[in-house]
Amino acid sequence: MESVLNTNEPPSHGRKSITFKVNPNTNQMIATEINARLRTIRDKVESQERLTMDDGLFLYQPDVPLHEVGELADLVRQRMNGNVAYYNINTHLNPTNVCVYRCRFCAFRADLRDPKGYAMDDEQVIARGQEATDNGCTEMHIVGGLHHQRPYEWYRGVLSTLSENFPKLHLKAWTPVEINWFEFQTKNSTEWVMNDMREAGLGSLPGGGAEIFHPEVRDEICEHKANTHAWFHTHRTAHQLGIRSNCTMLYGHIEKAYHRVDHLLRLRELQDETGGFQVFIPLAFHPENTKLSHLKKPSALDDLRNVAVSRLLLDNIQHIKAYWIMLGIGTAQTALSYGADDIDGTVRHELIYHDAGATTPEFLSVDRIRELIIEAGRVPVERNTIYQEVIRDPNDFSNWSIGETLPVS
Ligand code: V47
C-alpha cells in the first residue's frame with residue numbers, strides 16, 4: 001500500500017513530499033524500502049555525490065534508523081574534519097532585551113516598560129569586556145533586542161567601546177534582524193551598515209535570526225521581523241565584503257520535515273555562491289516562557305537526527321556545531337559522533353536559552369570542555385571565531401596568540 005507522508009505543504013524548493021511503501025497495519029515504512037533507500041544514500045555519501053531534497057525528506061522520517069543516519073554523517077565528519085573537535089573561549093553580551101518585535105518563540109524579549117527590560121550603559125559594557133579579557137576569552141557574541149528608543153549610534157557605540165578598550169576580542173555581532181533595523185534607522189544600505197559596523201569593530205556575524213525560512217512557518221512565528229530575503233541579502237553582502245558568518249535553523253516547534261530540508265538547501269545554495277559560512281548550528285526550540293509554551297521540547301533523538309541530516313545535506317559548510325547550552329552536555333557529546341565537530345565554547349552570560357528554560361550550566365571551564373571532548377573520543381582544539389588555532393601561554397592563561405588557520409569552507 002502506498003502512503004504519502006509530509007503532505008499539505010506547497011512546494012517552494014523542489015518536491016514537498018516523497019511516497020513510501022508502508023505496512024497497512026502499522027503505517028510504518030517497510031524495512032526493504034528503508035534498506036534500499038539507505039543503500040542508495042550510502043553509495044552517494046561514499047562517492048561524495050550531493051544529496052537531494054528527497055534524500056533529506058527520507059532521512060528525517062522517524063522510521064529510518066537514527067544510528068544508520070548518524071553513521072553516515074559520522075563518515076562525512078571524519079572525512080571533512082578528522083578526529084578533531086573544536087571549542088572556543090567566549091562570552092555573550094546582550095546589550096538590551098527590549099524589543100519592538102514579539103517573536104512567538106522568544107522568552108528573552110521585553111516590552112519597553114516591562115520591569116524585566118534593561119539596556120546597558122558604557123560602564124556595564126566595559127565591565128563585561130574586562131571580565132572577558134581577564135578570563136582569556138577570544139570572542140564576544142553580541143546580539144540583542146531592537147530597542148524602541150535607542151538610536152543606531154548606541155548600537156554602534158557598543159562595538160566601538162569594546163574594540164577600543166579590548167582590541168584583541170573578536171566581536172561576533174548582530175544578526176540580519178539587527179542589521180535590517182539599522183538600515184531602517186539610518187536609511188542606509190546593508191553594505192553601508194556593514195562597513196560602518198566593521199569600522200566600529202565588527203569581526204563576523206553570528207548565525208541567529210534564521211529560524212525557518214519557509215514563509216508557511218516564518219509568517220507564523222516571527223511575521224514582522226527581517227524576512228528570508230533580508231536574511232540572505234545580509235549574509236551575501238557580508239560574504240562579498242569578506243566578513244565571515246555562521247548560520248542556524250530553529251527546529252522543533254511548528255515546522256515539518258519539508259520546511260527543515262527546504263531551509264538547509266537554501267543555505268547550501270548561498271554557500272555554493274559565496275563560500276562565506278563557517279559553521280551551521282541546529283538550534284532546538286526551548287518552549288518555556290514563550291508564546292509556544294504548549295509545545296514539547298524536541299527529544300534528544302530529534303536533536304541528533306538534526307545534527308546528522310544537516311551534516312549530510314550541507315556538504316559545502318565545513319563545520320557543524322553541537323551547541324551544548326541548547327543540547328545539554330550528554331547529547332552534545334553524542335553529537336560529536338553524529339556529524340558535529342564543534343561544541344561552541346565555555347560561554348558566560350547566556351540568556352536566550354536560559355530565559356526559555358535551559359537547565360544546562362551557565363558556564364563550563366576550559367578543563368571541563370576539553371574533558372568532555374576527550375571522553376567523546378575526539379581531540380580538543382581551541383579555535384577563535386574565524387577558525388584559527390589559539391595558542392595559550394602555559395604560564396598565563398589569559399595571554400594567547402593565533403596559530404595555524406584551520407579548515408573553513
Ligand atoms: O535566532 C530564540 C534562537 C537564536 C529561542 O553563530 C531560541 O555561533 C530555542 O543564533 N528556544 C540565537 N531557540 C542563538 C544563535 C546562536 C547560538 C550559538 C552560537 C551561534 C553562532 C548562534 O536562538 C535565535 C533563535 O533562532 N532562539 N529563542 C528559544 N526559546
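## Cys99 and the annotated cysteines

In this predicted model, Cys99 is in contact with Arg109, Gly145 and Leu146, leaving aside its neighbours within four places in sequence. Cys99 lies in the loop that runs between strand S4 (90-93) and helix H4 (122-134). The residue has 22 C-beta neighbours inside 10 Å; 20 or more are needed for the buried class, so Cys99 counts as buried.

Cys106 is found in the loop between S4 and H4. Because Cys106 has 22 C-beta neighbours inside 10 Å, this residue counts as buried. The UniProt entry, which is unreviewed, carries a "binding site" annotation that covers Cys99, Cys103 and Cys106.

## Surroundings of the ligand

There are 20 residues around the ligand, and those that come nearest are Pro206, Gly207, Gly208, Asn246 and Ala356. Two elements give two or more residues to this shell: strand S8 (245-251) and strand S9 (277-284). The most is given by S8, with three residues.

Sorted by class, the shell around the ligand holds eleven nonpolar residues, seven polar residues and two charged residues.

## Helix H6

Helix H6 spans residues 176-186 and is mostly covered, with eight of its eleven residues buried. The buried residues in H6 are Pro176, Val177, Glu178, Ile179, Asn180, Trp181, Phe182 and Glu183. An α-helix has 3.6 residues a turn, so residues three or four places apart point the same way.

The packing partners of the buried residues of H6 are helix H5 (152-165), helix H7 (190-200) and helix H9 (228-240). After H6 comes Lys187, which has a positive phi, near 60°.

The domain assignment divides the protein into domain 1 (2-77) and domain 2 (84-405). Taken over C-alpha atoms, the centres of domain 1 and domain 2 are separated by 30 Å. Domain 1 brings 22 residues to the contact, and domain 2 brings 24 residues.

On the side of domain 1 that touches domain 2, helix H2 (53-59) and helix H3 (66-81) each supply at least two residues. H3 provides the largest share of that side, eight residues. By class, the side of domain 1 that touches domain 2 consists of eleven nonpolar, six polar and five charged residues.

## The protein as a whole

The secondary structure of the protein amounts to 14 helices and 14 strands. For 409 residues the globule rule gives 22 Å, and the radius of gyration of the protein, 21 Å, is close to that value, so the protein is as compact as a globular protein of that length. Along the principal axes, the C-alpha atoms fill a box of roughly 65 × 45 × 40 Å.

Of the 409 residues in the protein, 48% are buried. Among contacts between residues at least 6 apart in sequence, 74% join residues at least 24 apart.

How values were computed. Residues numbered from 1 in each chain as written. Predicted model: local features only at pLDDT ≥ 70, side-chain atom pairs only at ≥ 80, totals over all residues. Domains from an automatic or database assignment. Contact = placed C-beta atoms within 7 Å. Helix = DSSP H or I, 4+ residues; strand = E, 2+ residues; numbered from the N terminus. Nonpolar A, V, L, I, M, F, W, Y, C, P; charged D, E, K, R; others polar. UniProt positions renumbered as here; feature names shortened; annotations may be inferred. Buried ≥ 20, exposed ≤ 12 C-beta atoms within 10 Å, placed from the backbone. Near = placed C-beta within 6 Å. Rg over C-alpha atoms; globule rule 2.2 N^0.38 Å.
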